[in-house]
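This briefing goes through one protein chain, part by part. Keep the sequence and the 3D view open while reading.

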Amino acid sequence: MVVTVDQTKLPKKLVYLKLKTPKEVAKAIKEMRIRGAPLLGAASALALAQTAYKSKTKTKEGLLRELKKTGKLIKATRPTAVNLFNSIDLVLGEAEKFEGTFKEFKDFVIKKCLEIVEADAKVNYTLSLKGAELIFDGDKVLTHCNAGDLATVQYGTALGVIKAAFRQGKKIQVVATETRPLLQGARLTAFELKRERIPFTLITDNMVGWVMQKGMVDKVVVGADRILMSGHVINKIGTYSIAVLAKHHRIPFYVAAPTSTIDRKSRVEEVVIEERKPEEILSFCGCRIAPKNIKVYNPAFDITPPELVTGIITEKGIVKPTPEDLEKILG
Ligand code: MRU
């Protein structure tokens with residue numbers, strides 16, 4: 001059984017989901033009960049582990065077929081966060097190459113899936129400590145969306161960096177954007193910052209320019225759903241606007257993400273930006289706010305070009321958003 005927090009219910013209620021099948025995992029991802037790129041990678045791996053664990057088949061070919069079916073189901077949930085695709089491709093790739101008995105094969109697949117989950121917790125902690133070196137005593141740090149422990153197996157990425165700096169005793173102030181339309185900032189980041197007792201101020205997304213002009217931001221740290229080898233960063237809608245504003249105000253703009261968020265293959269024009277239902281914009285907390293029969297555009301992510309990114313914080317080190325630097329950390 002896959003047990004995780006239902007992120008649609010926070011901060012009002014802390015509800016745990018108990019997902020018994022890959023279909024239930026896929027549904028939870030689609031409904032954004034499970035969200036955040038690294039957590040999507042872990043959930044995908046666990047859906048494959050469920051498939052192997054529950055399978056009644058007695059042959060490697062049969063199990064491989066079932067794993068591929070689960071992979072297809074999960075890959076059809078949300079198109080942008082690459083961790084989801086990377087996890088499935090990694091497990092299926094290793095499974096294809098495996099040689100041994102059927103029992104060994106089944107154990108091997110489950111082990112590989114669990115390794116992905118365990119690795120996520122470790123790498124996020126490591127990158128958070130590395131990133132914390134960039135945060136100084138007294139810094140005012142802006143973050144967008146939610147890249148905290150809720151979005152990962154443990155610790156978080158951008159919020160992990162902030163948390164690590166705070167736990168080191170640095171007196172920091174955080175500015176968190178509400179993140180329209182699904183309010184991951186107001187609901188989830190504010191929940192995590194409050195729980196950690198990190199001083200913070202919640203703002204609406206359209207206040208970023210003004211708070212920067214007023215000197216309320218020294219650094220920006222955000223997470224990522226996909227980082228291309230060209231250095232382009234795909235993250236929650238609004239990230240690009242924040243990066244442009246940061247450049248204008250000469251504020252360093254950092255992206256914190258594990259190397260599992262790097263897409264080694266795609267070119268920028270190949271990236272699929274998820275478009276979500278108009279209802280998310282037409283309504284607010286279940287209450288209709290716009291007239292009927294109007295046109296709505298609801299992209300969930302945007303693309304920040306490398307020239308706006310000061311550095312990428314990964315578990316392997318802090319690098320520039322260049323193909324050479326990214327190649328180096330991938331080894
Ligand atoms: O649509 P979401 O909530 O899944 O989008 C999440 C983000 O954009 C996060 O910033 C990103 O996944 C990094 S999470 C560590």
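The model is predicted. Its chain is divided into domain 1, residues 2-126, and domain 2, residues 133-330.

**The two domains and their contact**

- Taken over C-alpha atoms, the centres of domain 1 and domain 2 are 25 Å apart. Domain 1 puts 29 residues into the contact, and domain 2 puts in 31 residues.
- The size of an interface is often given as the accessible area lost when the parts come together. Here domain 1 and domain 2 bury about 2,500 Å² between them. Carbon and sulfur atoms account for 58% of that area.
- There are 17 residue pairs in polar contact across the interface of domain 1 and domain 2, counting pairs with both residues at pLDDT 80 or more.
- On the side of domain 1 that touches domain 2, the elements giving two or more residues are helix H2 (37-54), helix H4 (82-97) and helix H5 (102-132). H5 gives the most to this side, with seven residues.
- Sorted by class, the side of domain 1 that touches domain 2 has 16 nonpolar residues, eight polar residues and five charged residues.

**Salt bridges**

- The count for the model comes to 22 salt bridges.
- One salt bridge is found across the interface of domain 1 and domain 2.
- Arginine 78 and glutamate 274 form a salt bridge, and their closest N and O atoms are 2.8 Å apart.
- Lysine 75 forms a salt bridge with aspartate 89, with 2.7 Å between the closest N and O atoms. This pair links distant parts of the chain, 14 residues apart: lysine 75 is in helix H3 (residues 60-75) and aspartate 89 is in helix H4.

- Strands of a sheet pair through backbone hydrogen bonds, either parallel or antiparallel.
- Strand E7 (residues 226-228) and strand E8 (residues 233-236) run antiparallel and are joined by two bridges. Arginine 226 has isoleucine 234, in E8, as its bridge partner.

**Backbone details in loops**

- Leucine 10 and proline 11 are joined by a cis peptide bond, with omega about 5°. Proline 11 sits in the loop between strand E1 (2-5) and strand E2 (16-19).
- Another cis peptide bond joins arginine 180 and proline 181, with omega about 0°. The loop that holds proline 181 runs between strand E4 (173-177) and helix H7 (184-196).
- Cysteine 145 is not a glycine, yet its phi is positive, at about 60°. This cysteine 145 is in the loop between strand E3 (140-143) and helix H6 (158-167).

**Valine 3**

- Valine 3 is in strand E1.
- Which residues does valine 3 contact, leaving aside its neighbours within four places in sequence? Valine 3 is in contact with Tyr16, Leu17 and Lys18.
- Valine 3 and leucine 183 are 180 residues apart along the chain, and 23 Å separate their C-alpha atoms.

Definitions and conventions: Residues are numbered from 1 along each chain as its sequence is written. This is a predicted model: local features need pLDDT of at least 70, side-chain atom pairs count only at pLDDT 80 or more; totals for chains, interfaces and linings use all residues. Side-chain values use heavy atoms; hydrogens and water are left out. Domain bounds come from an automatic or database domain assignment. Contact means heavy atoms within 4.5 Å. Buried area is the accessible area (1.4 Å probe) that two parts lose on being put together, summed over both. A salt bridge is a side-chain nitrogen of Lys or Arg within 4 Å of a carboxyl oxygen of Asp or Glu. A polar contact is a pair of N or O atoms within 3.5 Å; within protein, one must be able to donate a hydrogen and the other to accept it, and residues adjacent in sequence count only if both atoms are side-chain atoms. Helices (H or I, at least four residues) and strands (E, at least two) are DSSP runs, numbered from the N terminus. Ala, Val, Leu, Ile, Met, Phe, Trp, Tyr, Cys and Pro count as nonpolar, Asp, Glu, Lys and Arg as charged, and the others, Gly among them, as polar. Two strands pair if DSSP finds at least two bridges between them.
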